[in-house]
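This briefing is meant to be read alongside the sequence and the structure. Please keep both in view while going through the points that follow.

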Amino acid sequence: MTLEALKQFFEERPSLSMRGVNQEAGLSTTYLSKIFLGQRPLTQKTIDKLIPILKKYGYQEDKK
């Protein structure tokens with residue numbers, strides 16, 4: 001997962017709240033916002049927490 005893919009996922013789902021995803025993934029309520037603003041890196045550890053939550057909302061990993 002790239003930052004661009006994550007941003008696109010949320011853009012395509014305007015009703016999906018970053019705050020709710022943060023909460024489900026066990027992250028602070030502003031974590032994703034800080035990643036989007038470039039104030040935090042998108043780490044593999046964060047991706048591993050986000051993937052199961054995002055899959056519930058329709059995220060599909062690229063099969064390259």
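Which residues does Tyr59 touch, not counting residues up to four places away in sequence? In this predicted model, Tyr59 touches Met1, Phe9, Ile51 and Leu54 when those sequence neighbours are set aside.

- Tyr59 is placed in the segment after H4, and it counts as buried because its relative accessibility is 12%, where the cut-off for buried is under 20%.
- Between the C-alpha atoms of Tyr59 and Phe10 there are 9.9 Å in space, although the two residues are 49 residues apart in sequence.
- The largest pocket holds about 260 Å³ of space, and of the 13 residues that line this pocket, the closest to its centre are Ala5, Tyr59, Gln60, Glu61 and Asp62.
- Sorted by class, the residues lining the largest pocket comprise five charged, four polar and four nonpolar ones.

**The largest nonpolar core**

- In soluble globular proteins, nonpolar side chains tend to be buried together.
- Here the largest nonpolar core has 16 residues, and those with the most contacts inside it are Leu6, Phe9, Phe10, Val21, Leu32, Leu50 and Leu54.
- Two or more residues of this core are given by each of helix H1 (3-11), helix H2 (18-25), helix H3 (31-36) and H4, with H4 supplying the largest share, five residues.
- Phe10, one of the residues with the most contacts inside the core, touches Leu16, Ser17, Met18, Val21, Leu32, Phe36 and Leu54 once residues up to four places away in sequence are left out.

- Thr46 belongs to helix H4, which spans residues 44-56, and it counts as buried because its relative accessibility is 3%, where buried means under 20%.
- The side chain of Thr46 is joined to that of Thr43 by a polar contact of 3.0 Å, and, leaving aside neighbours within four places in sequence, Thr46 is in contact with Leu27, Tyr31 and Ile35.
- Asn22, whose place is in helix H2, likewise counts as buried, because its relative accessibility is 0%.

**Exposed and partly exposed residues**

- Lys45 is found in helix H4 and is exposed, because its relative accessible area of 62% lies over the 50% cut-off.
- From C-alpha to C-alpha, Lys45 and Arg13 are 23 Å apart in space, and they are 32 residues apart in sequence.
- Lys7 lies in helix H1 and has a relative accessible area of 32%, which means that it is partly exposed.
- The C-alpha atoms of Lys7 and Thr46 are 14 Å apart in space, while the two residues are 39 residues apart in sequence.
- Gly20, found in helix H2, is also partly exposed, because its relative accessible area is 24%.
- A C-alpha separation of 10 Å is computed between Gly20 and Leu32, which are 12 residues apart along the chain.

Notes: Residues are numbered from 1 along each chain as its sequence is written. This is a predicted model: local features need pLDDT of at least 70, side-chain atom pairs count only at pLDDT 80 or more; totals for chains, interfaces and linings use all residues. Side-chain values use heavy atoms; hydrogens and water are left out. Helices (H or I, at least four residues) and strands (E, at least two) are DSSP runs, numbered from the N terminus. Buried means under 20% relative accessible area, exposed over 50%, partly exposed in between (1.4 Å probe, protein chains only). A polar contact is a pair of N or O atoms within 3.5 Å; within protein, one must be able to donate a hydrogen and the other to accept it, and residues adjacent in sequence count only if both atoms are side-chain atoms. Contact means heavy atoms within 4.5 Å. On a 1 Å grid over the protein atoms alone, a cavity is a set of points where a 1.4 Å probe fits but cannot get out, and a pocket is an open set with protein on both sides within 12 Å along at least five of seven lines; lining residues have an atom within 4 Å of a point. Grid points are joined across faces, edges and corners, and a volume is the space filled by probe spheres set on the points. Ala, Val, Leu, Ile, Met, Phe, Trp, Tyr, Cys and Pro count as nonpolar, Asp, Glu, Lys and Arg as charged, and the others, Gly among them, as polar. A nonpolar core is a set of buried Ala, Val, Leu, Ile, Met, Phe, Trp, Tyr and Cys residues joined through side-chain atoms within 4.5 Å.
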